[in-house]
Structures are given as C-alpha cells and as structure tokens.
Amino acid sequence: MNEMQVAPDLYVPMVEIKDLKEQDLNAQVMSPRTFERLAGNVKHRGALESLPYCWQPPGSDQVEIISGHHRVRAARAVGIETIAALVDTSDMTRGEIVAKQLSTAHSKRSRWCRRGCRPATACPG
C-alpha cells in the first residue's frame, strides 16, 4: 500500500472504496438535494477535497469510516473507485470511535448559526 505517515498511528493511504466499511449509525444527515450537489462537486473535481477519517483496527485489513460517509458515498456514486483517506491505526474502543463520530458531527454543525447561515460568522443577525 502506498501511504504517507503523518503521525504515530496516522496514515494517508490510497484505499479502494469497495473495501471501506460504513458505521451502522451515522450522526450526520444529508438531504437528497445536498447529496446531489456534493456528488456533482466530487464529479467535477474528480476527487474528494477533504479526506474521510477512518480507523483500521490493529492486525486487521478492514478499514472503517468514522467521518466522511457522505463524501465516500458521493465518490462511489460518480464512479470513483480509489480515494485517499486519513487512517487511524491506534487501538480504539467502540466508545472512542462513537465519541470521535459525534465530535466531528458537532464541529460541523457549530459552523452554522441557528438561522442556517454558513459560515456562522457571516450571519446577518
């Protein structure tokens, strides 16, 4: 596997989308219209603009998506087969994985104001 190590237990390899396992529950919800726009952007660019965060349990070949489910689905929908991903190989419990999912979802939502303006700093009210 061709990869770059960015920190202890943290790598950026090219991975086959078909080999990525989605989590049973995803803390993020995306409307069909928003997903279509995301897929269109991915198709136009030919790649993802931000890397999905994944986890590979020590001693396993399985790579699980922690954050970036919609990006991976969009890439798959437009025919992209291989993507770069940020893969964490540290020993994590299921609770730690869920905590990372929820913190990522919360961080994304905090960029929006209560009125739905994005970014929240651009909110007129």
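Which residue forms a salt bridge with E22? In this predicted model, the partner of E22 is R73, and the closest N and O atoms of the pair are 2.6 Å apart. The two residues belong to distant parts of the chain: R73 is in helix α2 (residues 69-77), whereas E22 is in the loop between β3 (20-21) and α1 (32-45), 51 residues apart. R73 is partly exposed, because its relative accessibility is 30%. E22 is also partly exposed, with a relative accessible area of 22%.

Side chains of opposite charge can pair when their charged atoms come close. Four salt bridges were found in a search of the whole structure.

E64 is buried, because its relative accessible area of 8% is under 20%. R94 is partly exposed, at 44% relative accessibility.

K18 pairs with D19 in a further salt bridge, with the closest N and O atoms 3.3 Å apart. K18 is exposed at 66% relative accessibility, while D19 is partly exposed at 42%.

The backbone was examined as well. Most residues other than glycine have a negative phi. D9 is not a glycine, yet it has a positive phi of about 65°. D9 is found in the loop between β1 (3-7) and β2 (10-16), and it is partly exposed at 37% relative accessibility.

Terms used. Residues numbered from 1 in each chain as written. Predicted model: local features only at pLDDT ≥ 70, side-chain atom pairs only at ≥ 80, totals over all residues. Heavy atoms only, no water. Helix = DSSP H or I, 4+ residues; strand = E, 2+ residues; numbered from the N terminus. Buried < 20%, exposed > 50% of the residue type's maximum accessible area, 1.4 Å probe, protein only. Salt bridge = Lys/Arg side-chain N within 4 Å of Asp/Glu carboxyl O.
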